[in-house]
Amino acid sequence: MRRVIFLQFLLGVLVLLSSSIVWAEDPYVYETWTVTYGQVSPLGVKQRGILINGQFPGPTLNVVTNDNVVVTVINKLDDRLLLTWNGVKQRKTSWQDGVLGTNCPIPPNSQWTYKMQMKDQIGTFTYFLSTLMHRAAGGFGGFNILARVVIPVPYPKPFEQFTVLVSDWWKTDNKVLQQRLDQGKSFPLPDALLINGRPNSLKFTGLKGYTYLFRVSNVGLTTSINFRIQGHTLKLVEVEGSHTMQEVYESLDIHVGQSMAFLVTLHAKPKDYFIVASTRFTKPILSATAILHYQGSNTPASKPLPIGPTYHVHWSMKQARTIRWNLTANAARPNPQGAFHYGTIPVTRTLVLANSAGKNNGKKRYAINKISYINPDTPLKLADYFNIPGVFQLNKISDNPPRGAMVLATSVFNFTLHDFVEIVFQNNENSVQSYHLDGYDFWTVGYGPGLWNTTMRRRYNLVDATTRYTIQVYPNSWSTILVSLDNKGMWNLRSAVWPRRYLGQETYFRVWNTEHSLYTEYAIPPNALLCGKAKHYH
């Protein structure tokens with residue numbers, strides 16, 4: 001009898017536990033996005049744009065740390081497409097990353113569902129179409145991950161937040177721009193800058209005396225920008241998922257693919273003020289404006305526009321060094337960011353990656369360490385999972401810049417899970433480079449002019465360099481990151497300057513161990529699309 005009672009009691013406990021586990025599951029956010037062509041005219045010229053749910057830019061997605069985000073993408077274009085989630089780490093599931101190395105593109109007149117968790121992340125992110133040159137026509141939007149209510153943020157709660165997307169823009173159709181690249185022609189300079197799809201007239205309204213959080217992202221294809229607000233300062237509080245020391249700036253450089261969040265207090269005389277984004281390191285300088293409007297005021301903004309830097313490479317590099325990690329603040333988790341002493345971890349491998357321009361069969365190509373990447377018909381992740389030979393080559397790309405001619409190849413760096421890697425980006429060209437690594441953030445420990453050598457390590461910030469997911473490399477200069485490869489999968493390292501990426505300036509990191517466990521990597525999704533040599537596998 002006692003045994004029966006005990007078994008009943010145990011069963012009751014198990015039922016309670018199971019119900020509490022279900023109850024404790026993180027919330028779900030469901031979205032259905034239809035991607036279509038539609039007419040846009042940001043510069044007064046009617047042209048074909050790419051819309052998401054009829055919107056240009058696409059809808060802003062606001063979610064919370066650890067939310068499960070389910071996005072069904074319906075493709076109504078005449079091309080295959082993928083969306084990627086710029087800066088979302090996709091913990092243990094590069095299957096959801098939305099690039100050609102991990103996913104088969106979604107065919108026209110069909111749909112596919114992304115299932116992602118915002119695991120242990122907060123901050124300012126974006127999403128965009130990662131296929132072909134679709135981004136030149138739209139198909140991008142803001143993606144913000146808010147902190148859970150139980151986790152404090154290191155600044156007073158702002159009255160409201162504004163998502164600001166700055167993009168360069170061409171009057172030329174995206175397919176014509178793509179043809180130029182396919183034909184080996186140079187990519188043209190942009191015709192304009194846009195703020196949330198407009199060159200001017202956009203208005204952000206606030207109340208005098210209140211503080212607002214501006215989440216600003218450079219979603220452009222080619223161009224670094226400087227961002228500023230007339231008569232107001234910018235208190236930087238977050239860079240790409242990390243809380244920063246709260247330095248105050250008159251203006252901030254934001255390079256291609258990067259995001260920042262800063263507080264703006266409306267302390268000035270009630271009227272309208274210009275918000276300005278202008279191009280950096282270009283001739284001519286292009287500008288877009290918006291309006292910061294004090295509610296109740298009827299006084300228009302007055303010129304001149306606030307002056308920003310134009311070329312001034314050294315100015316930008318010095319500013320980049322002032323952006324530092326807030327060691328005592330938490331991010332998505334309650335423990336302080338500075339509890340992770342990245343500067344004391346032994347480096348297991350050093351890569352020195354040099355970008356270069358060249359030609360193949362008379363056509364322009366770009367490369368990393370003389371390898372110009374070509375996308376195979378079979379995604380690398382599927383080839384790796386199904387052990388399909390002949391799709392990619394491990395470590396054909398060298399750890400240091402080699403001599404010799406540029407070659408075309410599908411090359412992949414091979415790493416062991418939990419490697420701690422130093423990556424030096426060496427830029428010997430006269431234009432600013434920008435690099436993004438999927439699946440991770442990394443510590444931006446150093447910037448410097450000229451050629452990197454091992455003595456440059458003495459200049460590294462090994463204490464409070466901020467983490468981010470996209471790093472700029474100035475002309476004829478180097479930038480160094482440290483990254484802990486703790487996320488198993490196949491991850492894209494790419495030029496965020498999209499024409500360069502389209503013509504080969506990218507590669508992949510295979511981060512691997514022999515353990516087959518859900519603790520290190522999730523299984524292939526049941527809805528995974530199969531294509532290329534993987535088409536006949538199940």
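How many bridges join strand β13 to strand β19? There are five, and the two strands run antiparallel. Before we go further, a word on what you are looking at: this is a predicted model, in which local features need pLDDT of at least 70 and side-chain atom pairs count only at pLDDT 80 or more, while totals for chains, interfaces and linings use all residues. Residues are numbered from 1 along each chain as its sequence is written, and side-chain values use heavy atoms, with hydrogens and water left out.

Let's start at β13, which covers residues 225–229. Strands here are DSSP runs of E with at least two residues, numbered from the N terminus, and two strands pair if DSSP finds at least two bridges between them.

Now look at the side chains. In a regular strand they alternate between the two faces of the sheet. In β13, Ile-225, Phe-227 and Ile-229 point one way, and Asn-226 and Arg-228 point the other way.

Next, let's visit a cross-link. A search of the whole structure finds one disulfide, defined as a pair of cysteine sulfur atoms within 2.5 Å. Cys-104 and Cys-531 form this link, with an S to S distance of 2.1 Å. The pair links distant parts of the chain, 427 residues apart: Cys-104 is in the loop between β5 (83–86) and β6 (110–117), and Cys-531 is in the segment after β34 (506–512). The angle about the S-S bond is -95°, and the link is left-handed. Cys-104 counts as buried because its relative accessibility is 5%, and Cys-531 is buried too, at 10%.

Our last stop is Asn-527, also found in the segment after β34. Asn-527 has a relative accessible area of 28%, so this residue is partly exposed. Which residues does Asn-527 touch, leaving aside its neighbours within four places in sequence? Asn-527 is in contact (heavy atoms within 4.5 Å) with Trp-112 and Thr-113. Asn-527 and Trp-112 are 415 residues apart in sequence, yet 7.8 Å apart in space, C-alpha to C-alpha. As for Thr-113, the side chain of Asn-527 reaches its backbone oxygen at 3.0 Å.

Conventions: Buried < 20%, exposed > 50% of the residue type's maximum accessible area, 1.4 Å probe, protein only. Helix = DSSP H or I, 4+ residues; strand = E, 2+ residues; numbered from the N terminus. Polar contact = N/O pair within 3.5 Å; in protein donor to acceptor, adjacent residues only side chain to side chain.
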